[in-house]
Amino acid sequence: IGAELARQLAARGAMLALAARDREALEQVASECVALGARVEVVVTDVAKEEDCRRLMERTVAAFGRIDTLVNNAGATMWARFEDIDDMSILSRIMQVNYMGAVYCTRHALPHLKAARGRLAGIASLTALVGVPTRSGYAASKHAMRGFFDTLRIELADSGVTVTMVYPGFVSTGIRENASGPDGKPIAVSPVKEGEVMGVEECARITLEAIASRRREVIMTFRGKMGMFLKLVAPGLVDRIARRAIEKGR
């Protein structure tokens, strides 16, 4: 999702600071964005480390003089029932990347965002709204992310900084092949029918539209929107829907 967001923003002439752990992959996306007309700064970053996040913001400001928008998109996931997990460090790593990574980046970007009256965005998941089997640690991290940004939205109400939360369903990104299994190793084969879920281009387009218009949140799928309504009136039914979605892989 992050790579596609970068490409679509590049096509609009954006100035981009791209951050991830893999320099080679970053350089590839950067070259694509430059070809589309963007100015790009590449900063190898592990968002689980606060010092990396601080350096990312410093490099961004040094390169472009400001930060207008921060998109918190880094993510790690899992695919295992809680009782089957052998390596409990899976859960702490997911929380450190998905939640604390967003906290660290936001902390060090915030003074610059306030100066620019900019935009904050968090790319979460429908698992931030409902529990999902085999995703206990992932859902917990996304619930935490939602609570953090919903709170910040209130705190920043008079600052000019807006907060947009994005809740995609399954998106064909490749993240599930790298999901941690019960032993802590990547499962390698996606349990989701990737050809039957939302494409990354559509996900990025919807995300950018929401951020640009400073929307409070966007729930991308009809099933997700219906789930929020049913959670109020028939929460047990939502549990069953979540279970079937995982079993069917879409």
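## Helix α8

Helix α8 (residues 235–248) contains 14 residues, and its first and last C-alpha atoms lie 20 Å apart, close to the 20 Å expected at 1.5 Å a residue. The expected span is 1.5 Å times one less than the number of residues. Helices are DSSP runs (H or I, at least four residues), numbered from the N terminus.

Val238, Ala242, Ala245 and Ile246 of α8 are buried (under 20% relative accessible area with a 1.4 Å probe, protein chains only). These residues sit on the same side of α8, because they cover an arc of only 95° around the axis, taken from the directions from the helix axis to the C-beta atoms. Arg243 and Glu247, on the other side of α8, are exposed (over 50%).

## Basis of the model

The model is predicted: local features need pLDDT of at least 70, side-chain atom pairs count only at pLDDT 80 or more, and totals for chains, interfaces and linings use all residues. Residues are numbered from 1 along each chain as its sequence is written, and side-chain values use heavy atoms, with hydrogens and water left out.

## Helix α4

The end C-alpha atoms of helix α4 (residues 89–116) are 38 Å apart, which agrees with the 40 Å that its 28 residues should span at 1.5 Å a residue. At Leu110, α4 bends by about 50°, and the proline Pro111 follows within four residues. The bend is the angle between axes fitted to the seven residues ending at a residue and the seven starting there. Just after α4, Arg117 has a positive phi of about 50°.

## Met226

Met226 belongs to helix α7 (residues 222–233). With a relative accessible area of 32%, Met226 is partly exposed, a term for values between the buried and exposed limits.

Note on methods:
Helix = DSSP H or I, 4+ residues; strand = E, 2+ residues; numbered from the N terminus.
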